[in-house]
Amino acid sequence: MHRSICDDVTHILVNQNQISFGLGEREETLSQPPSPSEFIDILSRHSKQKMIHFALYQEILSYLCQMVQKNPALFKGILRIRLDLLIKLVSKETSGDEDDGRSMCLLKPSELYRTIHQMLRGGITLVEGEQVSWDRRRYIDGSLNRLPRNFHHNIYKILNRTKSINLADNVLHSFPLINDMTAGEPQFAIFVSNWLDKISQPRLRQLYIEIIMILGAMLHLIHIPDEVHLNLLLSQAHTIFQMDCPASSTEISTEKSCGVSLEFLMTPPTGQFGTLSYITQAITQFYG
């Protein structure tokens, strides 16, 4: 059985998708195909406190392999598949709670497959009259570790104009990074992803990605300092938003360290009152 699962892992890795187990300091990433014994060791290490994950990891990897073979485009923009975040995402979608997979075990195999597939396709299924929830969209894309097109090129452009980018006290230094790597190099993408993945909240991660994309697009219009503080830009964007929406709350219970309101997370990126508009104003105030 484990040899078959190892074959599934290999198919996923060949599609240029790394696989990670665990979260935080315990997160472990696979970038090379493991032997059956190595794979069992990985499963055991990350299932000690949650034995339910031992079987879930294997089932999910089997389904992901099938999807990679049938439609690799589903994984576009996803460098690393973070299995534990995927488990939380599917649990929330199926039970309304991030229960670490307990509710997933109650699903039929076809239901679990269909749910994962739906998340990879975009995860938004609307009934007539239902409004798109950008809070939910950001949660899904953040949990899937999905990045927009040209994201790494934008990071590279910013690093060429500054000495470092500070992301909630996690610093990405320009040198020797941009001397040793090009923007399109896989190793550069991996280095940046390791830095970005230190943000544990999926929604917050997506807001920082929005800031990076706008900042990269505005470089020819602004003067940025030696260190760019993304958290300060997010805080200022949220402050400007609250001036327009004084009734908005100050935080949400699920992501208190995020420091932004639920209303801000639910705001679409585009439009006169979109998050990108407030981010643009914040960048202009700081660096214009």
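Colleague: In which helix does isoleucine 283 lie?
Modeller: This is a predicted model, in which local features need pLDDT of at least 70 and side-chain atom pairs count only at pLDDT 80 or more, while totals for chains, interfaces and linings use all residues. Residues are numbered from 1 along each chain as its sequence is written, and side-chain values use heavy atoms, with hydrogens and water left out. Helices (H or I, at least four residues) and strands (E, at least two) are DSSP runs, numbered from the N terminus. On that numbering, isoleucine 283 falls within residues 275-287, which is helix 13.

Colleague: Is isoleucine 283 buried or exposed?
Modeller: Buried means under 20% relative accessible area, exposed over 50%, and partly exposed in between (1.4 Å probe, protein chains only). The relative accessibility of isoleucine 283 is 0%, so this residue counts as buried.

Colleague: With which residues is isoleucine 283 in contact, leaving aside its neighbours within four places in sequence?
Modeller: Contact means heavy atoms within 4.5 Å. By that criterion, the partners of isoleucine 283 beyond those neighbours are Ile211, Ile214, Leu215, Met218, Ile222, Leu233 and Gly288.

Colleague: What distance separates the C-alpha atoms of isoleucine 283 and alanine 237?
Modeller: Isoleucine 283 and alanine 237 are 46 residues apart along the chain. The separation of their C-alpha atoms is 8.3 Å.

Colleague: How many residues of helix 10 are buried?
Modeller: Helix 10 has 16 residues and spans 23 Å from its first C-alpha to its last, close to the expected 22 Å. The expected span is 1.5 Å times one less than the number of residues. Helix 10 is largely enclosed by the rest of the structure, because the buried residues among its 16 number 14.

Colleague: At roughly what angle do the axes of helix 6 and helix 10 cross?
Modeller: Axes are lines fitted to C-alpha atoms, for helices over the stretch in contact, and angles run from 0 to 180 degrees between N-to-C directions. The axes of helix 6 (residues 134-144) and helix 10 (residues 202-217) come within 7 Å. Their crossing angle is roughly 90°.

Colleague: Which residues of helix 6 and helix 10 make the contact?
Modeller: By class, the contact of helix 6 with helix 10 has 3 nonpolar, 3 polar and 6 charged residues. Ala, Val, Leu, Ile, Met, Phe, Trp, Tyr, Cys and Pro count as nonpolar, Asp, Glu, Lys and Arg as charged, and the others, Gly among them, as polar. Helix 6 contributes Asp135, Arg138, Tyr139, Asp141, Gly142 and Ser143, and helix 10 contributes Pro202, Arg203, Arg205, Gln206, Leu207 and Glu210.

Colleague: How is helix 4 oriented to helix 5?
Modeller: Helix 4 (residues 83-95) and helix 5 (residues 109-121) pack with their axes 10 Å apart, at an angle of about 110°. Angles under 35 degrees count as roughly parallel, over 145 as roughly antiparallel, 65 to 115 as roughly perpendicular and the rest as oblique. The angle therefore makes helix 4, relative to helix 5, roughly perpendicular.

Colleague: Which residue does a cis peptide bond join to phenylalanine 175?
Modeller: The omega of this bond is about 5°.

Colleague: What phi does aspartate 169 have?
Modeller: Aspartate 169 is in the loop between strand 4 and strand 5, and is exposed, with a relative accessible area of 67%. Although aspartate 169 is not a glycine, its phi is positive, at about 75°.
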